[in-house]
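Me: I have a new structure open and have not looked at it before. Can you walk me through it?

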Amino acid sequence: NMDVTKKIKWSFIALSAVSIVIGICLIIWPQISALTLCYIFGALAVILGLVKTICYFRRDVFGVPLYSDLAFGLMYILGGILLLAHPGDVVALMPVLIGMMIVVDSLFKFQTAFEIKRAGLSGWWMILLLAALGVAIGVLLALNPFDALSALMILTGIALIADGAQNICVTLYVSKYIKDHIEYETYYISK
């Protein structure tokens with residue numbers, strides 16, 4: 001079961017790294033087509049939704065149930081399908097949708113930061129700061145105060161980098177908690 005946990009952990013880190021890379025690309029090349037972004041975000045959202053949904057149903061493996069995983073998994077899957085099925089219709093709403101998803105995800109990261117603090121792990125404050133940054137950037141993106149498309153794409157890139165960094169931090173801290181506590185408790189119970 002720990003092999004499955006490691007595979008899911010590294011899959012989630014890889015998806016978050018892809019989000020960061022796409023964010024960097026948007027900052028470097030803000031003229032990327034919004035339609036292309038719809039397809040990329042749609043595919044990533046479906047994959048991330050599947051990973052989160054699997055994590056929810058495999059919570060017995062992790063020992064630490066992340067209750068928001070099912071809701072977020074389904075939200076990402078549905079959002080991804082919408083982006084893939086109707087990219088032309090979604091282009092105008094894309095900044096608002098991405099901004100709202102980042103705000104909601106970041107709000108749950110606040111809870112995760114406090115759960116990590118309660119578990120006695122150091123570094124919880126980094127997740128808290130990234131969550132605050134995510135909320136601020138997500139709100140700015142959702143309000144779409146930009147006239148120029150390139151400025152909007154740069155902000156979208158920054159938001160993706162911040163969200164990817166949040167996800168990597170949370171994954172690493174939860175993994176550390178599991179390694180330090182769950183394996184020990186399993187060993188102790190079996191003896």
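**A first look**

Reply: Let's start at a loop. Arg58 sits in the loop between α2 and α3 (59–62). This is a predicted model.

Me: Is Arg58 buried, exposed or partly exposed?

Reply: Arg58 counts as partly exposed, at 26% relative accessibility. The cut-offs are under 20% for buried and over 50% for exposed, so a value in between is partly exposed.

Me: How far is Arg58 from Ile8?

Reply: Their C-alpha atoms are separated by 9.8 Å, and the two residues are 50 apart along the chain.

Me: Ok, zooming out. How many helices and strands are there?

Reply: The protein has eight helices and zero strands. Along the sequence the pattern reads α-α-α-α-α-α-α-α.

Me: And what share of the residues is buried?

Reply: Of the 191 residues in the protein, 43% are buried.

Me: What about contacts between residues at least 6 apart in sequence?

Reply: Among those contacts, 76% join residues at least 24 apart.

Me: Back to single residues. Where is Lys52, and is Lys52 buried or exposed?

Reply: Lys52 is in helix α2. Its relative accessible area is 7%, so Lys52 is buried.

Me: What is Lys52 in contact with?

Reply: Setting aside neighbours within four places in sequence, Lys52 is in contact with Phe12, Asp69, Phe72, Gly73 and Tyr76. Two of those names come up again in a helix pair: Phe72 and Tyr76 are among the α4 residues that meet α6.

Me: How do the axes of α4 and α6 cross?

Reply: The axes of α4 (residues 68–85) and α6 (residues 94–118) come within 12 Å and cross at roughly 170°. Angles over 145 degrees count as roughly antiparallel, so that is how α4 and α6 run relative to each other.

Me: And α6 with α7, how do those axes cross?

Reply: The axes of α6 and α7 (residues 124–143) come within 7 Å and cross at roughly 160°. These two helices are therefore roughly antiparallel as well. Their crossing is left-handed, and the contact has 20 nonpolar, four polar and two charged residues.

Me: New topic: the largest nonpolar core. Which residues there touch the most other members?

Reply: Leu26, Phe41 and Met94 do, in a core of 29 residues. Elements giving two or more residues to this core are α1 (2–28), α2 (34–57), α4, α6, α7 and α8 (149–190). The largest share, nine residues, comes from α2.

Me: What does Met94 touch?

Reply: Not counting residues up to four places away in sequence, Met94 touches Ala34, Leu37, Cys38, Phe41 and Met153. There is also a second, separate core of 10 residues, including Ile127, Leu130, Val170 and Val174.

Me: Last one. Where is Thr171, and what is Thr171 in contact with?

Reply: Thr171 lies in helix α8 and counts as buried, at 10% relative accessibility. Leaving aside neighbours within four places in sequence, Thr171 is in contact with Lys9, Phe12 and Ile13. The C-alpha atoms of Thr171 and Ile13 are separated by 7.2 Å, although the residues are 158 apart along the chain.

Definitions and conventions: Residues numbered from 1 in each chain as written. Predicted model: local features only at pLDDT ≥ 70, side-chain atom pairs only at ≥ 80, totals over all residues. Heavy atoms only, no water. Axes fitted to C-alpha atoms, helices over the stretch in contact; angles between N-to-C directions. Helix = DSSP H or I, 4+ residues; strand = E, 2+ residues; numbered from the N terminus. Parallel < 35°, antiparallel > 145°, perpendicular 65-115°, else oblique. Contact = heavy atoms within 4.5 Å. Left-handed = near helix turned anticlockwise from the far one by under 90°. Nonpolar A, V, L, I, M, F, W, Y, C, P; charged D, E, K, R; others polar. Core = buried A, V, L, I, M, F, W, Y, C linked by side-chain atoms within 4.5 Å. Buried < 20%, exposed > 50% of the residue type's maximum accessible area, 1.4 Å probe, protein only.
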